[in-house]
Each structure stands twice: as structure tokens, then as C-alpha cells.
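Hi,

Here is the model I promised to send over.

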Amino acid sequence: MNLKERLRRQMLTARETSERLLADFKTPEDWTRQVHPHCNHALWFAGHMAQTDNFFISVLDPAKAKDWPEFAKLFGMGSHPTANPDDYPAPAEVLATMRERRQTLLSILDNLSEEDFSEPMPKGTPEFLPDKGSVFETSIWHEGMHSGQLSVARRALGHEPLMA
Amino acid sequence: MFEYALAQYAWHVQMLHGIMSDIDDANITRQPVPKGNHPAWVIGHLALSSDSLLKMMGQPTIMPENLRPLFGRGSEPQAERSIYPSKDALLHQLATAHTAVSQALPHVPREVLDRPNPVPLVQLQSLPTVGNLIMHLLTTHEAFHLGQLSAWRRAMGYAPLF
């Protein structure tokens, strides 16, 4: 199995885990439930995944990135979640955006060759993304970390662990 | 093949030390969310996961037998502090397992990496080989539990780190 196949499988597995966790958030209040005022909630997670994938897309294929300052303000790095559902778009809309951005990122992956993964990123790209392969590796890690936070919000709703 | 994953894996130990640096040993089994995973369980669970990586790679395992039931799949974190090792001992166990995995992985033959995934979880069906599972355990699995500790810190009132 080559690196491309391994990355794709990791991305799919991470997203499958996230989708299973998200499936247990039903009402608008579930979606914005915070275990603590400093904790991220499920709706922020979904929007943040979309926002981050959009960033990864912007450094790999800028023409496919979206320019959405309002979305970035709600879900970008450094944004602070609020518990009020009215502060956000509807969960279905945010979920649809999260899924669309991931499909776009996967389509970029599918069009890369094994050699492309070691191609350096353009000047100005954050140094934690030294080459194209690292963009996908970071997306996997990043989703894993935030889905761990999401699992705590889900547990607080009374659900049992996914992988008991 | 695993260079970047191993770099992340090494970084997790540094992150974990940062996450735990201001947490008193007496608090590592607190559960601000009922049934939530606390630091003692998470650190021990990650050490045990690395131990399972060693086993998959045909290396000697290092987790003491008496600790395995506390941290294995299906174990439930307990609030009783006295049943877990100290914070320092757990962090040391994890660091030792990480070092052993990082040293062994570059030498694992391709034939081993291409063997079928030995973990029969439906959630891991999209990872068909040992190589897929290793990458998952090095990156996503560890990051997932670090994310739980990040949320635990916040729920306990500690300053958010990430």
C-alpha cells in the first residue's frame, strides 16, 4: 500500500469516527452544549473541520478555496464557541459544508502522484506544512485531536464510548 | 513511510508533558464529566497502545501485566486514585514505550506491515493492514485522547492549551 492510499484511509477513518460521534447530537441545544464555557461544542467542531479543510485546500489548490470571513470568524483558529444556537448557522448547513470541503480535499489528494507528496509547499505556507504530504498528515492529526474533544461533549450527553 | 507520523508521535509526548505540567497528582483521576476519561486512564491507555504496537512489530512488550486490565480496551476509568500509578510513573511508562516503538518501527519489514489488521473492531474496518493500524495508532488515536485531555483541562477549570 503506497502513501497515498494510506493517507486516504486515515482520512476516511478519522472522518468516520467524527461522523459517528456527531450522529448523537440531535437538538440545537445538543449541538451547542458546552461542558465548560471554555470547551468546544459539536457545532464548533463541524464548522472548524470545514474551515480547516478550506485552509488546507487554499494552500494546495487556491482556486478551490472559499472566501468566507463570517464562517472563519465563527469557526476559525482562535474563535470562541458560544452556547447560543442562534449565533450559528443551522447544524445541517454546517454539516453539509464540512462534508463538501472534505470531498474537495479528497479530490485534490486523488489527483496527486506519490512524487507530489514530497514537493515543498510555496513560500509563505506555515512551516508545520513543509510539503504536500504533510498537509494531509496534519489534517488527520488535527481531526483526531478535535474529535477527542468532541467525544467529551458527547459523553456529557450521557452516551457510552464508541469504542468500548 | 512513517517519518511524519513518527514526528507527530514524538511531539505527543511533549504535548502530554505540557498538558500535565500544572496538574497535581491527586487530581489525575478526577472526572468532571461522569464516566469521562481522566488523565491517569488516558496516559496508561496510550502507553498500553504503544505496547500493542511493539507486539505487532514482534518486539518485547514493556507494560507490567498487573497494569494491563486498568487501561485495555473495554476498561472503565475509575475515580479511585489509589488504584493507579503516580503521574510521573505513568508519564515515564508512556515515554519508554514511545522510545521503543520509534526505534523499532523503521526496521519493520514490509511483509509485516502488509499483514491483515489484527484488531477486530468494526470501527477500524477501513484500516485493512498492520501498516494502516500502526499509522492510526501513532497519529489519530493518540491525538484523539490528547483532545480528551484538552477538554478535561478546560472542564476542570485549567487554562486551555489547545
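Below is what I found, starting with how the two chains meet.

Some housekeeping: this is a predicted model, so to speak of local features I need pLDDT of at least 70, side-chain atom pairs count only at pLDDT 80 or more, and totals for chains, interfaces and linings use all residues. Residues are numbered from 1 along each chain as its sequence is written, chains are lettered from A and ligands numbered from 1 in the order in which they are written, and side-chain values use heavy atoms, with hydrogens and water left out.

**The interface**

Chain A and chain B bury about 3,300 Å² between them, with 60% of that on carbon and sulfur atoms (buried area is the accessible area, 1.4 Å probe, that two parts lose on being put together, summed over both). Chain A puts 36 residues into the contact and chain B 39 (contact means heavy atoms within 4.5 Å). The rule finds 13 residue pairs in polar contact across the interface, both at pLDDT 80 or more. (A polar contact is a pair of N or O atoms within 3.5 Å; within protein, one must be able to donate a hydrogen and the other to accept it, and residues adjacent in sequence count only if both atoms are side-chain atoms.)

On the chain A side, helix H1 (3-22) and helix H6 (132-156) each supply at least two residues (helices, H or I, of at least four residues are DSSP runs, numbered from the N terminus). H6(A) gives the largest share, 14 residues. By type, the chain A side divides into 15 nonpolar, 14 polar and seven charged residues (Ala, Val, Leu, Ile, Met, Phe, Trp, Tyr, Cys and Pro count as nonpolar, Asp, Glu, Lys and Arg as charged, and the others, Gly among them, as polar).

How many salt bridges cross the interface of chain A and chain B? The rule finds one (a side-chain nitrogen of Lys or Arg within 4 Å of a carboxyl oxygen of Asp or Glu). A:Glu160 forms a salt bridge with B:Lys35, and their closest N and O atoms are 3.4 Å apart. B:Lys35 is in the loop between helix H1 (3-20) and helix H2 (39-56) of chain B, counts as exposed at 52% relative accessibility, and has a positive phi, near 65°, in a residue other than glycine. (Buried means under 20% relative accessible area, exposed over 50%, partly exposed in between; 1.4 Å probe, protein chains only.)

B:Arg154, in helix H6 (residues 130-156) of chain B, is worth a look too. B:Arg154 is buried yet has no salt bridge, and the nearest side chain of opposite charge, B:Asp22, is 12 Å away (Lys and Arg count as positive and Asp and Glu as negative; His and the chain ends are not counted). Its contacts beyond four places in sequence include A:His36, A:His38 and A:Gln149.

**Inside chain A**

There are 17 salt bridges over all chains. In one of them, A:Arg15 meets A:Glu143 at 2.7 Å, N to O. A:Arg15 lies in helix H1 of chain A and A:Glu143 in helix H6, so the pair ties together parts that are 128 residues apart in sequence. A:Arg15 is buried at 9% and A:Glu143 at 0%.

Finally, A:Trp68 sits in the loop between helix H3 (42-60) and helix H4 (69-75) of chain A. A:Trp68 is buried at 15% relative accessible area, and its side chain makes a polar contact of 2.9 Å with that of A:Gln51.

Cheers
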